[in-house]
Amino acid sequence: MKRATAIAALALLTAPPLHAQQWETIETLGGAWDTDWGEVWVFPRGPGYEGNYTEDNGRFWLEFTGHVFEGYWAEDHANERCDTPYLGSYYWGRLELSNSEHFPGFLMLWGYCDWGRIDKVWSFYERLPDGL
């Protein structure tokens with residue numbers, strides 16, 4: 001019994017956190033999604049994902065950084081103008097994928113430019129029947 005307890009304790013100590021395992025193995029992000037900004041299309045690209053949406057010709061990319069998907073968004077126009085261009089625009093900011101209580105959806109946290117807080121919420125509600 002002591003040996004089994006020791007093995008179980010060692011397994012728990014050496015395993016990565018549960019949330020890291022969930023995001024690292026995510027296979028359901030690609031496709032079309034219904035969001036609070038309208039339809040969003042997400043495609044696997046290299047080590048992450050890129051996507052687009054109709055709001056101001058919006059586009060984004062995400063990459064898995066070891067514990068979370070994070071990246072950048074850009075639009076042709078937004079409420080804040082950044083000092084330097086990124087992804088071909090002066091209107092851009094950071095993104096971070098977050099868990100949601102509303103399965104099967106998720107939340108995308110975002111902010112303006114590279115200096116702003118990532119404290120705004122973009123809700124992804126459900127996958128649309130897009131055939132992807």
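A disulfide is a pair of cysteine sulfur atoms within 2.5 Å, and in this predicted model the count by that rule comes to one disulfide. Cysteine 82 and cysteine 113 form this disulfide, with their sulfur atoms 2.1 Å apart. The torsion about their S-S bond is about -105°, so the disulfide of cysteine 82 and cysteine 113 is left-handed.

**The disulfide in its surroundings**

- A disulfide is a covalent bond between the sulfur atoms of two cysteines.
- Cysteine 82 lies in the loop between strand 5 (69–75) and strand 6 (91–98), while cysteine 113 lies in the loop between strand 7 (106–110) and strand 8 (120–127), so the pair ties together parts that are 31 residues apart in sequence.
- Cysteine 82 is buried, and cysteine 113 is buried as well.

**The overall fold**

- Among the contacts in the chain between residues at least 6 apart in sequence, 33% join residues at least 24 apart.

**Strand 1 and its two partners**

- Strand 1, which covers residues 31–35, is mostly covered, since four of its five residues are buried.
- Strand 1 pairs with strand 2 (residues 38–45) in the antiparallel sense over five bridges, and a hairpin of two residues joins strand 1 to strand 2.
- Within this pairing, tryptophan 33 has valine 40 in strand 2 as its bridge partner.
- Strand 1 is also joined to strand 8 by three bridges, and these two strands run antiparallel.
- Threonine 35 stands opposite phenylalanine 124, which belongs to strand 8.

**Strands 6 and 7**

- Strand 6 and strand 7 run antiparallel and are joined by four bridges.
- Leucine 97 stands opposite methionine 108, a residue of strand 7.

**Aromatic rings**

- The aromatic pairs in the model come to 17.
- In one of these pairs, the rings of tryptophan 73 and tryptophan 110 have their centres 5.7 Å apart and their planes at 90°, so the pair is edge-to-face.
- This pair links distant parts of the chain, with tryptophan 73 in strand 5 and tryptophan 110 in strand 7, 37 residues apart.
- Residues under 20% relative accessible area count as buried, so tryptophan 73 is buried with its relative accessible area of 3%, and tryptophan 110 is likewise buried with a value of 10%.
- Ring pairs link a cluster made up of Trp33, Trp37, Tyr53, Phe60, Trp73, Trp110, Tyr112, Trp122 and Phe124, so that both tryptophan 73 and tryptophan 110 from the edge-to-face pair belong to this cluster.

**Charged side chains over rings**

- Lysine 120 lies over the face of tryptophan 110, at 5.7 Å from the ring centre.
- Arginine 81 lies over the face of tyrosine 90, where the distance to the ring centre is 3.9 Å.

**Two residues with positive phi**

- Most residues other than glycine have a negative phi.
- Aspartate 56, in contrast, has a phi near 50°, a positive value in a residue other than glycine, and aspartate 56 lies in the loop between strand 3 (48–53) and strand 4 (58–64).
- Asparagine 57 has a positive phi of about 55°, although asparagine 57 is not a glycine, and this residue too is found in the loop between strand 3 and strand 4.
- Aspartate 56 is partly exposed, with a relative accessible area of 33%, and asparagine 57 is partly exposed, with a relative accessible area of 44%.

Definitions and conventions:
Residues are numbered from 1 along each chain as its sequence is written. This is a predicted model: local features need pLDDT of at least 70, side-chain atom pairs count only at pLDDT 80 or more; totals for chains, interfaces and linings use all residues. Side-chain values use heavy atoms; hydrogens and water are left out. Buried means under 20% relative accessible area, exposed over 50%, partly exposed in between (1.4 Å probe, protein chains only). Two strands pair if DSSP finds at least two bridges between them. Rings of Phe, Tyr and Trp (its six-membered ring) pair if their centres lie within 6.5 Å; planes under 30 degrees apart count as stacked, over 60 as edge-to-face and the rest as tilted. A charge sits over a ring if NZ of Lys or CZ of Arg is within 6 Å of the ring centre and within 35 degrees of the ring normal. Contact means heavy atoms within 4.5 Å.
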